Amino acid sequence: MADEPQVIEMAETDIIASVYTLGGVTDQIAGVVQTKHTPIFWIGCFFAGFTLLMMFFASATMLMVKGVGIWGIRMPVMWGFAITNFVWWIGIGHAGTLISAILLLLNQSWRNSINRFAEAMTLCAVACAGQFPLLHMGRPWLFYWMIPYPNSMGVEPNFRSPLVWDVFAVTTYLIVSLLFWYTGMIPDLGTMRDRAKNTIAKYVYGILAMGWRGSARHWSIYETACLLLAGMSTPLVLSVHTIVSFDFTIAIVPGWHSTFFPPYFVAGAIYSGFAMVLVLAIPIRAAYGLKGLITDRHLENCAKIMLATGLIVAYAYVMETFMAWYSGNAFEQQAFWNRMTGPYATSYWFLVFCNIGSLQLLWFKKFRTTPILLFISSIVVLVGMWLERFMIIVGSLAQDFVPSSWGLFHATRWDWATLLGSIGLFIVLFFLFVRALPMISIFEVRTLLPQARVREDTRA
Amino acid sequence: MSDSNTKPDVAAARARLEGASGREYWHSLEDLAAAPEFRDMLEREFPRQAIGWSDDEDSSQGRRNFLKLMGASLALAGLGACTKQPTEYIMPYAQQPENLIPGRPMFFATAMTIDGVAQGVVAESHEGRPTKIEGNPQHPASLGAASGFLQASVLQLYDPDRSQTTTFEGKTRSWSDFYGTLRGALGQQSVKHGAGIHILTETTTSPSVADQIRQIKVKYPAAKWHSWDPAGAHSARAGGVQAFGQPVNTYYDLAGASVIVSLDADFLSLGPAALRYARQFSAQRRVRGTDTAMNRLYVAEPMPTATGSKADHRLPLRATDIQEFAWALATALGAANGPQSGVNAEVFKWVGAIARDLKSHHGASLVIAGDHQSPIVHVLAHAMNAALGNAGKTVSYTDPIEANPMDQVASLEDLVKDLDAGTVDVLLVLGGNPAFNAPVEIGMRDRLQKAKLRVHLSQYRDETSNVCQWHLPEAHYLETWGDARAFDGTVTIQQPLIEPLYGGRSVLQVLNMLTDQPLTSPLDLVKGYWTGQHKGEDFETWWRRAVHDGVVPNSALPTKNFTVRSGALGTPAVPIPRGDALEVLFRPDPAIYDGRFANNGWLQELPKPITKLTWDNAAIMSPATATRLGVMRQADLNYGAEGSPMVRLTYQGRTLRAPVWIQPGHADGAVTLHLGYGRTMAGRVGTGMGFNPYGLRTSNALWQDIGLEAKKTSGTYLFATTQNQHLLDTRRHIYREADLAEYLKNPAAAHAGAETPPPGLTLYPGYKYEGYAWGMAIDLSACMGCGACVVACQAENNIAVVGKDQVRRGRSMQWLRVDTYYSGSPQNPRLYNQPVPCMQCEDAPCELVCPVQATTHSAEGLNDMVYNRCVGTRYCSNNCPYKVRRFNFYLYSDFETPSLKLARNPDVTVRSRGVMEKCTYCVQKISAAKIDSEKENRKVRDGEILTACQASCPTQAIVFGDINDPNSRVAKMKRERLNYSMLADLNTKPRTTYLASLLNPNPEIEA
């Protein structure tokens, strides 16, 4: 809680502040939820998010009533903000899965402080991402035609189309992430049930905890399940954005049609995902006084991952341009020339600044350990990554093969309303999570305490 | 009328009725009904046998009547009580008429007139509704092709904004009310011999209208007949008089012309014989196999036109410089004695070479003067053609085809004089819109109101109707009988396909009200006239033949030999030093002509040739002129989103604010204004679109004059254009061309540098097309970019009109587009036109990416689009390299307006919101032909299926057929060395291929 004294004394090797006791960890994390006192921070954020969410509903209603013509999409730019937003949100989600699954398998125990809310962020981001493929359809009420189901028409989806792969990739991702997140939360739900004073909360947590009693057998099954789910999630970190990138690479549009999109997209996804983790973690830990649990070391580790993935993205930019030149293909060359000097040049150079320029500051430890700077640079990266997708999608479509059909996309107010609205949806979902569920994994953080380390060591 | 002395005193009768009430009223009514004059009038109004089944024995006649009546009853079922419907017309559909098979269209020959001159058409009728206009292959002006104007006329028929009632000062009245008023007014005229009667018509060539007016003149010898068409052939008429001392009709035979010089004549796309000329012209440019002869075209013109885009050498000259050019050329040819050099070297630079080329083709060359050039240019052209021995060979002269050839400006001025004198008692404005389009200094709008009884017959309640007391709805040409002459005098009987939707009547019927003949049907009027004209035996057979064919046999006027009078030329005017003054040009709009088509959505949305501008006109000028005026705005991709600068144009003290359009290839120092825009009462589509150049146009300068001032002014304007990027990128090999000489040396010259993957370069075995394999070939040498195919496609395939705002946002729906590219200097670039329908790729990128299989490949190689299945992800469009797919961003199709439903082709789905659509190669026509052929147990014959674009194309640039049949025209074209696939290196294997364009430049002239 904010009014609790903050003592952040920690040794080099410690992940969390050394003042914590087992009980203290539980008290603090559970206390965020189990209190009648809702901090003004939460109310403010939720209200802002809710306002944006209403805007989202308004623009979606308008969309359903009038059609996708309310957006700026046109011939030849048939995909605009909707697909850009989709790829951006899906990418953001990747950090959560990476933290919870890959870092679990790699035994990176520092992740324990941030994996829960990072995973929640994944779910919220996937929920936002999922809106756009539906909204962007000309006839969204027929979305189920993309799903193979037995029907009297005798038609199946076209399994050659990357959009069908998307359907599978995204739904799989959503289901596995949800299961992993929920399974990981079961012991904490038991804790919440046990500590709840309110009868309704007791029942709700009780049902969600699925009878968790913390017996050795429970723990054994639980750990196996978590490992299995982590194993299932791990390939998803790579596959989902690979398949999303197929939406572009399978097509023949100059600027889309290239083989290195999968690693490029995955790196970009993790890059933007970690940026979002930082954007969420920095204010929340300050507002809830969790600096002892989500320490500067966590922020620094996230920043290091951003640096690594960001450099991959930078490499991709360079190689993409090099390959366009090296291919000798007039269309590719022209596409990249237009990208750098054409009508969207401003966006391009701005995204290069956001994604590569600002990244260079992360080389400095001083920068990595200054939360406010990290927060700002993460927002810059999020904007840059959105622009990157916009550039790839809109910039490539606007000027492709036949110059007579070239045309520029101009976003309408509804485009912006839908984008900002989806951010509202994200904020609302995320802050509901913060208010109702333990945002940090209680039992996993407890394993980080010195008291727990003995057992860890003996097991190892 | 049985007794011409007793006039039906309707006014008195009405007064009697009005004064009566109750029992007295009924008594009066009975009295009235019994009165002989009333019966008399009744007889004229509703002649018992005027239309009906009097000629039921004549099966074709009866059937035709039936069709149009039935069409009307179907049509009117949805329209409610728009017109009085005599019960005798209605026939139950239960009795199927002979030869009418529901679902199968029928075709009727008729004719549409523009500026009075007929162009023969064949109208397609579905269960009594005309839905599509095709050219009439037997008609000399059409030869089977149909221009955009003709194609779009069918939309005009169903236009819900057409005037639907007769009105007097805005209040609804009946035709008989009007008739009563008119007869009342005429009653006072018989003493004056009709001195107060003025009839103002458009130009007319109709023999029966001429006959009617002759009859009226017999009764009212002092009545005056005036004519006005704002975009008529005023200069050609005056030039003829100046050259030959009498009005003549001139037409050309391009089939015999090897060298053609156009003096600002857009003869390929404008004018009553343009379709014929285009056909003949392109036939002389078709290089196939060993037939490598090509004609050569020189064009001197200010504003790039469709004709200019086909020129082997195009010389951008101000319109007023053309005269100097014509003098120099005539002098070089020995036909005149003018200066051989001048201040403006541009004018003279090619004269010698062109003259030598012309001379070496004695009798096989042609000089064409543009309708918008001054009379002296026409005289010079006549003189040059005479000197070149072309008269009688490539140039034919006949007596005028117009019923009343007159100086129309003088006739308007005559009318104005009488209006001012207050001697105009009855003014009948039959068609036309003089209040809007008469020369501005005449002030027709205000002056018209000086006539005592003003009557306007028109399809729309327009600017002129607004100042007339009576407005009468005019019947559309598909609704009424009539006749008209074509460019060479050939008469077409214009037959209706449907009863007037809104009770409209024709000019003939209104004129009939002025005569003492009983009111009869338009059929009787026309047929009555021709009964008198026909000399031979068996009128009925002759008549039926003429109506059926759409051409009256041997009715073309005999050609005559005229010689240019000595002294006709006079001496060349000294070129006026012009300083900084600009030239103003008034030209009919390529899409809405003189404004008459302003309410036609298909034409408004038709991208105009060269500019690709829709829904607007503009102050069109060259880049250099724009730079001088400080209004240069580099054309870029953002044209639709960023405003174009405005200029204030001042000419003769009158001003007009207009947005600037920069046109490479436009003559420097000139501003072109297209007429017809700026309508204030056109209807929902046309009102308020564009700017009105009629406000600057005076009778002294109908077409061009020096003395325009232009100044940049505040504000910007958003244009809606369908193409923003015009520069030809030769690295893409999208448009390929070669010079004839190059091609003869190396047949692959056009393809130099382009990559084509070898056949079979694929991982998967190709699909074997066993039956038909449909394909298309487009000859770029022939295409001039007129846009007729675009309108034809829109009509055939129920393509929605989206409006200016949506076009501006890049959402026009036309399945077929004609791309225009430039290369070379902005002063005089080469112009290229390329029609782009769906390529129907064998390995179609769109099919692969559709998630729901809404676009799939047929066994005949068509890339089918299944509207029902489409969920609208638009991925197919992104992946289409040719960008030929169109998406319904909104609910563009009009599902509400009843009359527009009648215009739809029943064989084509009307697409709803959220669905992708695209060219299908007119799959409905393919299916119909296949069904026919299967019934007859044969294969579809080559040429049996004409896609809509192909059928309409004046130059026969588009050929469609079965490429599995090695003898089909399309297969032969695809074997030509000029054949290429657009973006061949993508290996999409398009079924639509192009023949590279060939030019035949004069080796003497450096390009």
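Tutor: Let's start with a rule for two axes: angles under 35 degrees count as roughly parallel, over 145 as roughly antiparallel, 65 to 115 as roughly perpendicular, and the rest as oblique. This is a predicted model, where local features need pLDDT of at least 70, side-chain atom pairs count only at pLDDT 80 or more, and totals for chains, interfaces and linings use all residues. Residues are numbered from 1 along each chain as its sequence is written, with chains lettered from A and ligands numbered from 1 in the order in which they are written.

Student: Why are α11(B) and α13(B) called oblique to each other?

Tutor: Helix α11 (residues 319-332) and helix α13 (residues 351-359) of chain B pack at about 50 degrees, with axes 9 Å apart. Helices here are DSSP runs of H or I, at least four residues, and strands are runs of E, at least two. Axes are lines fitted to C-alpha atoms over the stretch in contact, with angles from 0 to 180 degrees between N-to-C directions. The angle of about 50 degrees belongs to "the rest", and α11(B) and α13(B) are therefore oblique.

Student: Which residues of α11(B) and α13(B) meet?

Tutor: A328(B), L329(B) and A332(B) in α11(B) meet V351(B), G352(B), I354(B) and A355(B) in α13(B); contact requires C-beta atoms, placed from the backbone, within 7 Å. This contact has six nonpolar residues, one polar and no charged. Ala, Val, Leu, Ile, Met, Phe, Trp, Tyr, Cys and Pro count as nonpolar, Asp, Glu, Lys and Arg as charged, and the others, Gly among them, as polar.

Student: Does H733(B) count as buried or exposed, and why?

Tutor: A residue is buried with 20 or more other C-beta atoms within 10 Å of its own, exposed with 12 or fewer, and partly exposed in between. H733(B) has 22 such neighbours, so it counts as buried. Phi of H733(B), a residue other than glycine, is positive, near 55 degrees.

Student: And what makes N987(B) partly exposed?

Tutor: N987(B) has 18 C-beta neighbours inside 10 Å, so it falls in the partly exposed class. Phi of N987(B) is also positive, near 60 degrees, and N987(B) lies in the loop between β36 (979-980) and β37 (992-995) of chain B.

Student: Why is chain A as compact as a globular protein of that length?

Tutor: Chain A has 16 helices and zero strands. The radius of gyration of chain A is 23 Å, close to the 23 Å that the globule rule gives for 460 residues, so chain A is as compact as a globular protein of that length. That radius is taken over C-alpha atoms, and the rule is 2.2 Å times the number of residues to the power 0.38.

Definitions and conventions: Two residues are in contact if their C-beta atoms, placed from the backbone, lie within 7 Å.
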